[in-house]
Amino acid sequence: MIHISSYCRIIHGQVIINGKTYFEAENKTAHEFLSELYTFSKIDYRKFYKMDLLSKLGFLASEILLDNSILPEYEYFDKKQAKENFGIALFNANASLEADCKFQNTINFFPSPSDFVYTLPNIVIGEIAIRNKILGETAFYVTKGFQADKICEIVNNMNNFAGMREVLTGWCDVNPFAETLDCLMIYCKYVKSIDDPVMIKMLQDIHGKELNINNLNELFTNFKI
């Protein structure tokens, strides 16, 4: 069974962690909001300022989500430990459009290599994987909209056919024209049975929810379960 260990929702100038407000900043541009969130979270990663908006969004969501001061006390995430059975599967509707537009604006003069680097949506996955030594299966899917059934299908396939026991998954989207950010990052774990010691503790809180269509839709729509 795949269960939700914790989640991070970033939308409308706010960051929600496991149903509780973590950070808010009104009337900010997307760049300003993410920069303030980076500072607030006390993250030390200089490469952050070189990233496109999509990479910044996914990177920050994963950093906050996997912070041991935020994870349940029975969980511990070691960034320095290589993780072969840990995968990442992210989804969005606009791919790397923000970086594409930015690069397009440079090609009539001198194409910008620094912008070109981010003209693939899966770059955000690479940033997260490198930061956390995640060596398992990774994929980025571009869909017309949030599809809970597709997310469940992909994550379960990663578990059943690729042996992934932990997965970062969810929605990570940037609309450059409306300049909106929309992210639901979920940390999932495979649990053998309801009698598993970790499962027993998870079921005492929201973190024991099964990764299914109803729970995903509720998370995406209502910010909490």
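This is a predicted model: local features need pLDDT of at least 70, side-chain atom pairs count only at pLDDT 80 or more; totals for chains, interfaces and linings use all residues.

Student: OK, how do α1 and α2 sit relative to each other, and at what crossing angle?
Tutor: Helix α1 covers residues 30-40 and helix α2 covers residues 53-65; their axes come within 11 Å and cross at roughly 30°. An angle under 35 degrees counts as roughly parallel, so α1 is roughly parallel to α2.

Student: Left-handed or right-handed crossing for α1 and α2?
Tutor: Left-handed for that pair.

Student: Which residues in α1 and α2 meet?
Tutor: On the α1 side you have Ala30, His31, Leu34, Leu37 and Tyr38, and they meet Leu53, Lys56, Leu57, Leu60 and Ile64 in α2. By class, that contact has eight nonpolar, one polar and one charged residues.

Student: And α2 with α5, what angle do they pack at?
Tutor: About 35°, with the axes of α2 and α5 8 Å apart. The crossing of α2 and α5 is right-handed.

Student: Which residues of α2 and α5 meet there?
Tutor: From α2 it's Leu54, Ser55, Gly58, Phe59, Ser62 and Glu63, meeting Ile123, Val124, Glu127, Ile128, Arg131 and Asn132 in α5. The residues of this contact divide into five nonpolar, four polar and three charged.

Student: Staying on α5, which of its residues are buried?
Tutor: Val124, Ile125, Glu127, Ile128, Ala129 and Asn132. The buried residues of α5 pack against α2, β4, β5, β6 and β7.

Student: Let's switch to the core. How many residues has the largest nonpolar core?
Tutor: It has 44 residues, and those with the most contacts inside it are Ile10, Val15, Phe33 and Leu168. β1, β2, α1, α2, β4, α5, β6 and β7 each supply at least two residues of this core. The largest share, eight residues, comes from α2.

Student: What does Leu168 touch?
Tutor: Leaving out residues up to four places away in sequence, Leu168 touches Ser62, Leu65, Leu66, Phe86, Gly87, Ile88, Ala89, Leu90, Ile128, Met185, Ile186 and Tyr187. There's also a second, separate core of 22 residues, which includes Ala148, Ile154, Leu219 and Phe220.

Student: What about Ile17, buried or exposed?
Tutor: Ile17 is buried, because its relative accessible area is 8% and the cut-off for buried is under 20%. Ile17 lies in strand β2.

Student: Which residues does Ile17 touch?
Tutor: Skipping residues up to four places away in sequence, Ile17 touches Tyr7, Cys8, Tyr22, Ile64 and Ile70. Ile17 and Ala61 are 44 residues apart in sequence, and their C-alpha atoms are 9.5 Å apart in space.

Student: Back to backbone angles, what's phi of His12?
Tutor: Near 55°, a positive value in a residue other than glycine. His12 is found in the loop between β1 and β2. His12 is exposed, with a relative accessible area of 67%.

Student: Last stop, where is Lys209?
Tutor: In the loop between α7 and α8. Lys209 is partly exposed, at 36% relative accessible area. Lys209 and Cys188 are 21 residues apart in sequence and 9.9 Å apart in space, C-alpha to C-alpha.

Student: You mentioned α8. At what angle does α8 cross α6?
Tutor: Roughly 125°, with the axes of α6 and α8 coming within 9 Å, and α6 and α8 are therefore oblique to each other. The crossing is right-handed.

Student: Which residues of α6 and α8 meet?
Tutor: Ala148, Asp149, Ile151 and Cys152 in α6 meet Ile213, Leu216 and Asn217 in α8. By class, that contact has five nonpolar, one polar and one charged residues.

Conventions. Residues are numbered from 1 along each chain as its sequence is written. Side-chain values use heavy atoms; hydrogens and water are left out. Axes are lines fitted to C-alpha atoms, for helices over the stretch in contact, and angles run from 0 to 180 degrees between N-to-C directions. Helices (H or I, at least four residues) and strands (E, at least two) are DSSP runs, numbered from the N terminus. Angles under 35 degrees count as roughly parallel, over 145 as roughly antiparallel, 65 to 115 as roughly perpendicular and the rest as oblique. A crossing is left-handed if the near helix is turned anticlockwise from the far one by less than a right angle, and right-handed if clockwise. Contact means heavy atoms within 4.5 Å. Ala, Val, Leu, Ile, Met, Phe, Trp, Tyr, Cys and Pro count as nonpolar, Asp, Glu, Lys and Arg as charged, and the others, Gly among them, as polar. A nonpolar core is a set of buried Ala, Val, Leu, Ile, Met, Phe, Trp, Tyr and Cys residues joined through side-chain atoms within 4.5 Å. Buried means under 20% relative accessible area, exposed over 50%, partly exposed in between (1.4 Å probe, protein chains only).
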